[in-house]
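Let's learn to read surface patches and ring pairs from a set of coordinates. Take a look at the fold, and then we'll talk it through.

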Amino acid sequence: MKFTIVSQEQGQKLGDYELRFVMKDKIEGMPDQEALALAGFKDGSVQDLPSVKRVYVSIKDMSPESLRVGISKAVGALKDHKIETLRLPHLKASFRDDIEGALTAIAEGFVLSNYSFDKYKKEKKTRNLREVFVSVSGTDQPTAMRALEKGKLLAEATNYVRDIGNEFPQVYTSVDMTADAESLALKYTNVSCEHFGRDYLKKQGMNAFLAVNQSSPYGPALIHLTYKPREESKGKICFVGKGLTYDSGGISLKSNPYNMKSDKCGAAAALGIIKAAVDLDLPYEIHSVLGVTENMVGANAYKPDDILIAKNGVSIEVNNTDAEGRLVLADCLVWAQEEIKPDMIIDMATLTGACVVGLGGYTTGVMGNNYDLQVEFKKKAQESGELYTVLEFNDPLRKLIESKVADVRNSVPGGTGGAITAALFLDRFIKDEYKDKWLHLDIAGPAFDNDGWGYNPPGATGAAVRGCIYYLMAK
Ligand code: BES
Ligand code: ZN
Ligand code: ZN
């Protein structure tokens, strides 16, 4: 999709079609007021008027998120049209004093909502829209162009993650994720990639990660990508992603593991963050550590009752093989702290169903030991339009993961407080000097949705990519 800045005058005539925003239901003064009134246009409406080649969208304000959602409705209304080019109403700097944020959001809205995963369908969705004309005053053209370009790149990195999340488990294994990481490093000169398999994990004592992999025909992959900025680095940030290319639950088999191809979305997001960081020239040294494997059933599978010694020497009683993500992350977190020594570490994981129950399907749970950091992260990350809620630790919940036979157990029978007890488990693998520098993001809800919402088409959403990048850009 191409975004072109045009003059106000050109902006009134170019394009096959026009998109108009309406504040709530305020249609007075609009060129098609009468037609809109007849069509019953109201707050929240989207109305396509093919005879005058205009589509009207009601938005509640000019905030970046309202623009993204509004544009997604327009894209939805025009999806079967043959329209190739579209013009937007002239944008003035007056609204919300953040014309650049608005332009970025406009580009995000188009590129995010125009996505579809139809690789395996004979009938592909037609995507004719290829160019959007934007006229703007109150900012210079290069600045406006940069803001649009930023939104486009952010959305493309998100779509890249969606493609990985949507890929099915038979074709997308640890081997494929490794190949994707390597191609990122090949494509960009300032990205490097190293990856390790079973033998290395054994030498490193990463027995929790290895146990989860035990019954998969595909070996485990510990993937490490590094992005080095061209300008001076403002700090070293490490992302750690849960990459379960499939989670059957293992011996504690899930009653229906449908959709568990989405259990790799944390690792996919960690790849997308690297892509976005390069494309946007972020001034941070960024590391992504991906723990990739399947959790399968079979004669070799690890078992409830096993006791595993993780890389940091902590012994773990397995009482549920479906609480596997935390086992993979435990070793990866220890590895990342020791090998990378970052200034900050953020893990992203589709970790618990409890987080989905507690927060609903659209919100990421933000956990850790540093409340101020969690709140700061939430505030900055949600400027992306993604939803984040801080969940606080407490000592009574911490007691629930104690084990009678090991240092810790991997799940709590009964499962109340499941999102927090999972994070408290991860905390056992965070060194003292990192306690305040660690954030855990449970993306089990927003990473994948069979129906889609807003500018997220059905399937994987690329959750946490834009949130984390917005956080870094505002940090
Ligand atoms: N991958 C799942 C969590 C999940 C659930 C992700 C729903 C996306 C949607 C995770 O590995 C899991 O199975 N967690 C268990 C933990 C329990 C056994 C303590 C869960 O949430 O039920
Ligand atoms: Zn599981
Ligand atoms: Zn899982």
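**Patches and rings**

Q: Which residues gather in a patch of negative charge on the surface?

A: Here D97, D98, E100, D140 and E383 gather in that patch. Asp and Glu count as negative, and patch members have over 30% relative accessible area and no salt bridge, with like charges joined within 9 Å. Keep in mind that this is a predicted model, where local features need pLDDT of at least 70 and side-chain atom pairs count only at pLDDT 80 or more. Residues are numbered from 1 along each chain, and side-chain values use heavy atoms, leaving out hydrogens and water.

Q: Where is the place of E383?

A: E383 sits in the loop between α11 (371-381) and β15 (387-390). Its relative accessibility is 45%, so E383 counts as partly exposed (buried is under 20%, exposed over 50%, partly exposed in between, with a 1.4 Å probe and protein chains only).

Q: Which residues make the nonpolar surface patch?

A: For these, nonpolar side chains are joined within 5 Å. Y120, F168 and V171 make one of about 250 Å². Y120 lies in the loop between α3 (99-113) and β6 (131-134), and Y120 also forms one aromatic cluster with F117 and F168.

Q: How many aromatic pairs does the count come to?

A: A ring pair is described by the distance of the centres and the angle of the planes. Rings of Phe, Tyr and Trp (its six-membered ring) pair if their centres lie within 6.5 Å; planes under 30 degrees apart are stacked, over 60 edge-to-face, the rest tilted. The count comes to 10 aromatic pairs. F196 and Y200 have ring centres 3.9 Å apart and planes at 20°, so that pair is stacked. F196 counts as buried because its relative accessibility is 18%.

Note on methods:
Chains lettered and ligands numbered in written order. Areas by Shrake-Rupley, 256 points an atom, 1.4 Å probe, with all protein chains shown as cover. Salt bridge = Lys/Arg side-chain N within 4 Å of Asp/Glu carboxyl O. Charge placed at Lys NZ, Arg CZ, Asp CG, Glu CD. Helix = DSSP H or I, 4+ residues; strand = E, 2+ residues; numbered from the N terminus.
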